Amino acid sequence: MFAALTEHQVETQTLARSIAERLRETVVAADRAGRPAEGVAAELASAGLLGLCLPRRYGGLGADYLALGLACEELEAVDATLRVVLSVHLALHALGIFQWGTESQRERWLPALARGERLGMFGLTDAGAGSDPANLDSTAQKVADGYVLNGLKRWISLAGQADQILWIARTDATAPANEGLSAFILDTRTHGVSTGPIEGKVGLRAMHTGWVRCQDVHVPGTDRLGDEGEGFKIAMACLDNGRYTVGAGAAGTIRAALRLSKAYAQQRETFGRPLATRQLIQQKVAHMARDYELTRLLYLQAGWLKNRGQRNTRETSLLKWQATDTAFAAADSALQILGAEGYSDAQPIERIWRNARVGAIYEGTNEIHQLIQAGYALGDRRDALLRCELPAYDAQAWS
Ligand code: CAA
């Protein structure tokens with residue numbers, strides 16, 4: 001399974017690394033100022049990363065899903081917000097349309113998303129339902145020529161910036177909770193849509209996060225994604241893609257924590273010897289090295305399954321849980337190694353540590369992921385084939 005990376009995958013890695021480095025100063029300054037960085041999406045778009053693993057016929061770069069994971073690691077090694085933009089726009093939004101859209105929806109929406117002329121976001125979390133989205137309150141009432149949307153989505157990444165949202169709402173109040181939801185592709189300039197920021201976040205300060213409200217918003221029936229009642233499955237399938245990118249990105253956080261720890265521990269002396277010679281410091285570094293390798297193996301496995309068109313709900317959930325827990329632990333250990341030096345924004349570890357904290361909260365809390373894993377381990381949870389699987393990667397068809 002883990003043959004050497006292909007030329008295309010290595011090129012993507014190099015490309016993402018250079019774009020991330022180019023954006024480093026911008027995002028660090030924005031984080032310090034506590035305002036979203038400008039120009040990030042444009043820079044990612046100019047390199048083609050916003051359409052990285054979409055086929056060329058839809059305006060994408062034609063790379064495979066493993067290349068997406070590799071790009072996420074490189075982006076997050078500089079700043080998690082760079083990776084979140086890609087996760088939300090490409091993995092949670094555009095791939096959702098690629099997976100579940102009709103051919104005419106793909107042709108209508110994907111080229112502008114792939115080229116970054118439009119940005120997409122993911123609207124699942126309601127004001128009153130985060131871990132339990134089957135019971136969300138947003139409604140979509142059927143009318144003669146479409147639907148009328150009402151509801152408030154909270155903690156939406158890219159709110160206030162993105163041009164369109166995958167909006168999940170209840171179309172049938174009488175059906176069992178997860179069977180009564182439907183998904184819509186909604187242009188945020190539609191009359192009745194409003195957005196606002198969520199201020200004072202612990203981390204991810206260099207990007208937009210906010211709320212999106214729909215008040216009697218009309219969407220044509222042609223903008224429903226998938227069948228009526230398929231909204232929950234669509235959202236969960238999008239999360240399989242999103243969680244993959246979160247996990248792969250976390251490898252970048254661990255790598256950054258390890259690099260900073262190594263540099264500091266090798267030059268800083270205590271009691272006449274470098275910190276790196278102390279066993280308690282070595283133990284922390286060893287954990288980081290172990291967790292980096294494990295995270296990388298897990299995301300390569302999940303990406304490999306995606307390339308084959310195989311459902312990977314179990315693997316992406318496990319990856320997301322393991323990767324984000326260990327990424328925060330790595331950031332915390334690195335901050336401890338740097339001591340007082342690490343406890344101010346003079347050192348990047350302070351920003352990395354704040355950014356890493358949300359990993360255990362978004363895209364399913366890590367408590368939810370433990371329940372999912374327990375379900376698989378106990379045999380209570382089995383994955384059936386979906387009506388629309390994420391298409392397997394096909395180098396010829398993608399190019
Ligand atoms: N893909 C497709 N279908 C799926 C699926 C998946 N990954 N997971 C479940 N389904 C299907 C099931 O097969 C089942 O269908 P059938 O009845 O036909 O068999 C149906 O959906 C119901 O599944 P469950 O019984 O598993 O549903 P549940 O209600 O028991 O709970 C849950 C599922 C795992 C707790 C789920 O609610 C969950 O993952 N919660 C966390 C939500 C989440 O991740 N929110 C993140 C918000 S977005 C965000 O953070 C992004 C951001 O802005 C950065």
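In this predicted model, E315 is placed in helix 8, which covers residues 313–338. The relative accessible area of E315 is 13%, and because this value falls under the 20% cut-off, the residue is classed as buried. Beyond its neighbours within four places in sequence, E315 is in contact with Q301, A302 and L305.

L66 and A302 are separated by 236 residues in sequence, yet their C-alpha atoms are 8.3 Å apart in space. L66 is itself buried, at a relative accessible area of 11%. When neighbours within four places in sequence are left aside, the residues in contact with L66 are Q9, Y244, Y299, L300, G303, W304 and N307.

The domain assignment divides the protein into domain 1 (7–119), domain 2 (121–231) and domain 3 (232–398). Between the C-alpha centres of domain 2 and domain 3 the distance is 28 Å. The contact between these two domains involves 19 residues from domain 2 and 14 residues from domain 3.

In total, 25 residues surround the ligand, and the closest are K233, R243, E363, G364 and R381. By residue class, the shell comprises twelve nonpolar, seven polar and six charged residues. Three secondary-structure elements each supply at least two residues of this shell, namely strand 3 (146–157), helix 6 (231–267) and helix 10 (366–377). Of the elements that contribute, helix 6 gives the most, with seven residues.

An N or O atom in the side chain of R243 is 2.7 Å from a ligand oxygen. For R381, an N or O atom of the side chain is 2.9 Å from an oxygen atom of the ligand. In the case of E363, a polar backbone atom is 2.9 Å from a ligand oxygen. Taken on its own, the ligand has 1,100 Å² of accessible area, of which the protein covers 76%.

The phi angle of E363 is near 55 degrees, a positive value in a residue other than glycine. E363 is also buried, with a relative accessible area of 12%.

A positive phi angle is likewise found at L158, where the value is near 75 degrees and the residue is again not glycine. L158 belongs to the loop between strand 3 and strand 4 (164–170). The relative accessibility of L158 is 0%, so this residue counts as buried.

Notes:
Residues numbered from 1 in each chain as written. Predicted model: local features only at pLDDT ≥ 70, side-chain atom pairs only at ≥ 80, totals over all residues. Heavy atoms only, no water. Near = heavy atom within 4 Å. Polar contact = N/O pair within 3.5 Å; in protein donor to acceptor, adjacent residues only side chain to side chain. Areas by Shrake-Rupley, 256 points an atom, 1.4 Å probe, with all protein chains shown as cover. Helix = DSSP H or I, 4+ residues; strand = E, 2+ residues; numbered from the N terminus. Nonpolar A, V, L, I, M, F, W, Y, C, P; charged D, E, K, R; others polar. Buried < 20%, exposed > 50% of the residue type's maximum accessible area, 1.4 Å probe, protein only. Contact = heavy atoms within 4.5 Å. Domains from an automatic or database assignment.
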